[in-house]
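Q: I am new to this structure and would like to learn how to read its features one at a time. Could you take me through them as a dialogue?

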Amino acid sequence: MSFLHIHHVHKRFGETHVLKGVDIEIEKGDFLVLVGPSGCGKSTLLNMIAGLDSISEGELRLDGQRINELHPSKRDIAMVFQSYALYPSMTVAGNIGFGLEMRKVPRAGRRAAIQRVAELLQIENLLKRKPAQLSGGQRQRVAMGRALVRDPQLFLFDEPLSNLDAKLRVDMRTEIKQLHQRLGTTIVYVTHDQIEAMTLATRIAVMRAGELQQLGTPQSVYDDPNNLFVAGFMGSPSMNLVPARIAEKAGALVALIETEKATLALPIVRDRQALTDWCDKAVMLGLRPEAITDPASANRDGGEIFEADLEVDLVEPTGADLYVVTRLGGTNVNARMRPGSPPQSGTQTRFAFDVSRMVAFDPDSEARIRDRASVGSAPLASSA
Amino acid sequence: MSVATSARAASSPGRRITLGRAILYALLLFFAVLYLLPLYVMLTTSFKPLAEIHQGNMLALPEQWTFAPWREAWGSACIGLECSGVHGYFFNSIKIVVPAVLISGLLGAFNGYVLTKWKFRGHKIVFGLILFSCFIPFQIILLPMARVLGILHLANSTSGLVLVHIVYGIGFTTLFFRNYYANFPDELVRAAQLDGAGFFTIFFRILLPASVPIIVVTIIWQFTNVWNDFLFGVSFASGDSAPITVALNNLVNSSTGVKAYNVNMAAAMVAAVPTLLVYILAGKYFLRGLMSGSVKG
């Protein structure tokens, strides 16, 4: 029995169908991140879990109990809002203690609880201040304190870091992760930032247009995407998507990619069974930038390396890495190489493809082409 | 906003006073004097003995200062047949203004809260209808209101006037608070709901304490309107229950031969002082509140 069970949940606002039957299950202690572009329904789903939006169809279960009809305050859920939603006329202590006060916790107990949370979040010196006198990061902490103090079964975070500047965002991200590890709480977290999703989550739910695209661990979503959308959305820089043709050459299956000078034949090692049916048909190949490298930094232990000389179009150094852009199948392709001795643009250089990490998609339906028994695959409604 | 920037511009060093500026300031000064002149005449006249007024120089300062006209206006001037000054009517007005302002303000705040944070089907129509009441001329409702007050046995009483002013004020107070609360983040209400606060707790603990600017606007607006009202006062309350505006009118019209201009002026000042005080004490919030309610939307 899962701890939070979102079962076939629909949401309709009049004619518009915002959520089209979402199924998600997570266990106690999980950190679920709902990620997707704006308008995908992730915030609506969060509000429905909180009880702030009604459920048009389907069922929500928390710890085995149906909570569809339960009032927000009775669900034992706390939420951190995007704008923090601190009560402007109350002090920090008043803000944190308000939920306890409403639950008729006596004054002494309240004070102790506020103190405990303030120590945890290192905001003891701010307790007497008003929200207007706090910086963005401090407000964020108070908002989290208000959720933590009630010690609820489930925490909801609605894009909590989106109002912070870049550096603070990374710091707070680390802190949220530490807090989760220390307290072992169950969290549902909404963001449109796929890096936040990757770093924080124990499970990621990628959503688009009211539909769940994939649910799984961050690594499985990253390495084994269900479809073109997930492949393109997760990862930065994003996955290279290259049009190709499957063919048989000397008894082996290859993917033929047109380049300006010649045709590249990448051997197929992954999902070989499924791709046999795609012989002489067009597919879309997906290769992460880190799966295309210079020969020296190629992963020869676990991977299967195929090398080819290609023309360098552009070189983008980022300091830690060097992104080399070349053209394959008519699109730009990013390769991650070692910094140090960058190849000149316009010259030929040797690229190493880790074909064991190559995935293929149906260009029409955008679905992944994968072997049925492929290891590590995460079908739509997977659960741990 | 514009006030702040112009103040900064004026105080910035090295700004030269050009001819245009000089003309502008001269004009402003001229109009300021023009507007203040009646107040000046009222004040000086109220401190002059009658004999000095009859000399005819209206603009001169009193040669002999006297508080007698003020004492008379407050305590012994004749209004109709009663010769006990305006003080009784002054307190009548207080008795009308305080409950009328408080109750209409509270109802308006409540309407604004419901119309923005607990939207229901047709909330726009309801707001439109409430707003419509702002545009109804006073004169139209005189007869029906008199009938209603008669049925309620509130005719000729201060309570009746309080009711009239509450009903008439709700339109404006609702408008003020609705616009203010429309910019009040919904997430706060949602957060309070999750914290376990109910409908009234959210209103009294979260929204109302954060509404000081618009409360001040409402108080000034309602206080001024109710205090300065003459038409409702003269129509629905006569004799002992009349407000001070009506008493002032009666005082000026109760002629006993010689017109006591100094007493009239003193009585008029008594009638005007409360609204002046409210403006002076709360005026700086007035602009700020009006801005926050209307500009940012």
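This is a predicted model: local features need pLDDT of at least 70, side-chain atom pairs count only at pLDDT 80 or more; totals for chains, interfaces and linings use all residues.

Q: How many residues of domain 1 of chain B are in contact with domain 2 of chain B?

A: Two residues are in contact if their C-beta atoms, placed from the backbone, lie within 7 Å. By that rule, 7 residues of domain 1 of chain B touch 7 residues of domain 2 of chain B. On the domain 1 side, the elements giving two or more residues are helix H2 (19-46) and helix H3 (50-54) of chain B, and H2(B) gives the most, with 4 residues. Helices (H or I, at least four residues) and strands (E, at least two) are DSSP runs, numbered from the N terminus.

Q: What does UniProt annotate as "transmembrane region" in chain B?

A: UniProt positions are given in the numbering used here, feature names are shortened, and annotations may be inferred rather than shown by experiment. The unreviewed UniProt entry gives "transmembrane region" for residues 22-43, 96-114, 126-149, 161-181, 202-223 and 265-287 of chain B. In the model, residues 22-43 of chain B are 100% helix and 0% strand, with end C-alpha atoms 30 Å apart; residues 161-181 of chain B are also 100% helix and 0% strand, with end C-alpha atoms 29 Å apart.

Q: How do the axes of helix H6 and helix H8 of chain B cross?

A: Two packed helices are described by the angle between their axes and the distance between the axes. Axes are lines fitted to C-alpha atoms, for helices over the stretch in contact, and angles run from 0 to 180 degrees between N-to-C directions. Here the axes of H6 (residues 123-132) and H8 (residues 158-182) of chain B come within 7 Å and cross at roughly 130 degrees. H6(B) and H8(B) are therefore oblique to each other, given that angles under 35 degrees count as roughly parallel, over 145 as roughly antiparallel, 65 to 115 as roughly perpendicular and the rest as oblique. Phe127(B), Ile130(B) and Leu131(B) of H6(B) meet Ile170(B), Gly171(B), Thr174(B), Leu175(B) and Arg178(B) of H8(B). This contact comprises 5 nonpolar, 2 polar and 1 charged residues, where Ala, Val, Leu, Ile, Met, Phe, Trp, Tyr, Cys and Pro count as nonpolar, Asp, Glu, Lys and Arg as charged, and the others, Gly among them, as polar.

Q: How many residues does each chain give to the contact of chain B with chain A?

A: Chain B supplies 13 residues and chain A supplies 17 residues. On the side of chain B, the largest share, 7 residues, comes from helix H9 (residues 186-195) of chain B, and by class that side has 8 nonpolar, 2 polar and 3 charged residues.

Q: In what order do the 6 strands of the open sheet in chain A lie?

A: Two strands pair if DSSP finds at least two bridges between them. The order in chain A is E6-E7-E8-E3-E9-E10, with mixed pairing, and the edge strands, E6 (77-80) and E10 (211-216) of chain A, each pair on one side only. Within this sheet, E3 (residues 31-35) and E9 (residues 203-208) of chain A run parallel and are joined by 4 bridges, with Leu32(A) having Arg203(A) as its bridge partner in E9(A).

Q: How many residues lie between the strands in the hairpin of E1(A) and E2(A)?

A: There are 2 residues between these strands, and Gly14(A) takes a positive phi near 60 degrees. E1 (residues 4-13) and E2 (residues 16-26) of chain A pair in the antiparallel sense over 8 bridges, and Arg12(A) stands opposite His17(A) in E2(A).

Q: Which residues of chain A does a cis peptide bond join?

A: The cis bond joins Ser236(A) and Pro237(A), with omega about -5 degrees, and Pro237(A) is in the loop between helix H8 (228-233) and strand E11 (240-249) of chain A.

Technical notes. Residues are numbered from 1 along each chain as its sequence is written. Chains are lettered from A and ligands numbered from 1 in the order in which they are written.
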